[in-house]
Amino acid sequence: MASPAILICPSLLLLLIYHANAMDVFRVRPFDNISLPCQFSFVDSTEGLSFTWEREDIKEEHEVEDDDFYKYFVGLHDFYQFYPKVIYSFSNNMEQVEERNSLYEGRVWVDEDEIPEGSLTLMLDQVQFSDEAMYICKATNSRGRGSRKMKLVVEDAEEPQVQFSTVDDILVAKCISAGWYHMPKVIWRNRKEEDLSGYSKTEILEEKQDGSHRVVSTLHYPVLLHEIYTCHIEESDVLNRPVRSIHKVPRKMGTKWPMFKNSISHFCSPSHPKE
């Protein structure tokens, strides 16, 4: 007995709708490049396709007690609210540059040759601490619509691998930063968590035109092969750290926090729009 034929009317085809429930987290060192993947099966050409990449601030709370420190970060978030959420836009078979977030100018792009393969991957160059955010990829055409949401975390510290070598026949420990820093702070410790940083020397290994650089740090403390050493590197410039939301708590008696009034005016000045 023959199987009954199944007829599908094109006008009754369901519109494909995609929405990612699970959210990926991507981690990147400052001043490196990263690609944020976005793939949809209903995308097979640029005809009739519209898609955008948008950013949303990460809502994480960090308690602070100092009024000036709190005002600094509140002002920082108010500053970013002046910029559009859209950082990349594509429609009518071409990239659209109007009303996009100017903080990403010249740093984001999508390989249009990969779009017919369903790939809308965003390339983000020269990652800044202020780029830490939630990123949403939205696409729509006659065959479907969908969105992908992901979190980009910009690492503000790293612990590179410690290597042993000899300098003038003396055993030393070395570490090399993977990330780029404006004002790197290197902390050396042993297994007892004793601070050995005073016995180390940090030098510039590589420098970029924007003033950021990678460093190599050498520990000259009497180094033992059987000892465990850790090398911790972080950005010490407050204007080049990730921006996260905070809330204020009552100040405790005797607590003193650094003042950031100069940092606020430095950040909001026209010559520092991206910091």
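Two strands count as paired if DSSP finds at least two bridges between them. In this predicted model, strand 15 and strand 18 (residues 229-235) are joined by 7 bridges and run antiparallel. Within this pairing, I187 has H232 of strand 18 as its bridge partner. Both strands belong to an open sheet of 3 strands, ordered 12-18-15 with antiparallel pairing. Strand 12 (157-158) and strand 15 (184-190) form the edges, each pairing on one side only.

Strand 18 also carries one end of a disulfide. A search of the whole structure finds 2 disulfides. C175 and C231 form one of them, with sulfur atoms 2.0 Å apart. This pair links distant parts of the chain. C175 lies in strand 14 (residues 170-176) and C231 in strand 18, 56 residues apart. C175 counts as buried, at 1% relative accessibility. C231 is likewise buried, at 1%.

The other disulfide joins C38 and C137, whose sulfur atoms are 2.2 Å apart. The torsion about its S-S bond is about -80°, so this disulfide is left-handed. It too links distant parts of the chain. C38 is in the loop between strand 3 (34-36) and strand 4, whereas C137 is in strand 10, and the two are 99 residues apart. C38 is buried, with a relative accessible area of 2%. C137 is buried as well, at 0%. With the bonded cysteines of the chain numbered in sequence order, the pairing is 1-2, 3-4.

Strand 10 (residues 133-141) also pairs with strand 4. The two run antiparallel and are joined by 7 bridges. R55 has Y135 of strand 10 as its bridge partner. Strand 4 pairs with strand 6 as well, in the antiparallel sense, over 4 bridges. Here E54 stands opposite V86 in strand 6. Strand 4 is mostly covered, with 5 of its 7 residues buried.

The structure holds 6 aromatic pairs. In one of them, the ring centres of F51 and Y88 are 5.8 Å apart and the planes lie at 25°, so the pair is stacked. The cut-off for stacking is an angle under 30 degrees. F51 lies in strand 4 (residues 50-56) and Y88 in strand 6 (residues 86-91), so the pair ties together parts that are 37 residues apart in sequence. Both F51 and Y88 are buried. Together with F90, these two residues form one aromatic cluster. Elsewhere, an aromatic ring meets a charge. The charged end of K208 sits over the ring of W180, 4.3 Å from the ring centre.

Salt bridges were examined next. The structure holds 11 of them. Among them is the pair of R143 and D44, whose closest N and O atoms are 3.7 Å apart. This pair links distant parts of the chain. R143 is in the loop between strand 10 and strand 11 (144-154), and D44 is in the loop between strand 3 and strand 4, 99 residues apart. R143 counts as partly exposed, at 37% relative accessibility. D44 is partly exposed too, with a relative accessible area of 45%.

E56 pairs with K149, the closest N and O atoms being 3.6 Å apart. E56 lies in strand 4 and K149 in strand 11, so the pair ties together parts that are 93 residues apart in sequence. E56 is partly exposed, with a relative accessible area of 28%. K149 is also partly exposed, at 34%.

A further salt bridge joins the side chains of R107 and D131, at 2.8 Å from N to O. The pair links distant parts of the chain, 24 residues apart. R107 is in the loop between strand 7 (94-96) and strand 8 (108-109). D131 is in the loop between strand 9 (122-124) and strand 10. R107 is buried, with a relative accessible area of 6%. D131 counts as buried, at 2% relative accessibility.

Methods: Residues numbered from 1 in each chain as written. Predicted model: local features only at pLDDT ≥ 70, side-chain atom pairs only at ≥ 80, totals over all residues. Heavy atoms only, no water. Phe/Tyr/Trp six-rings, centres within 6.5 Å; stacked < 30°, edge-to-face > 60°. Buried < 20%, exposed > 50% of the residue type's maximum accessible area, 1.4 Å probe, protein only. Lys NZ or Arg CZ within 6 Å of the ring centre and 35° of its normal. Disulfide = S-S within 2.5 Å. Salt bridge = Lys/Arg side-chain N within 4 Å of Asp/Glu carboxyl O.
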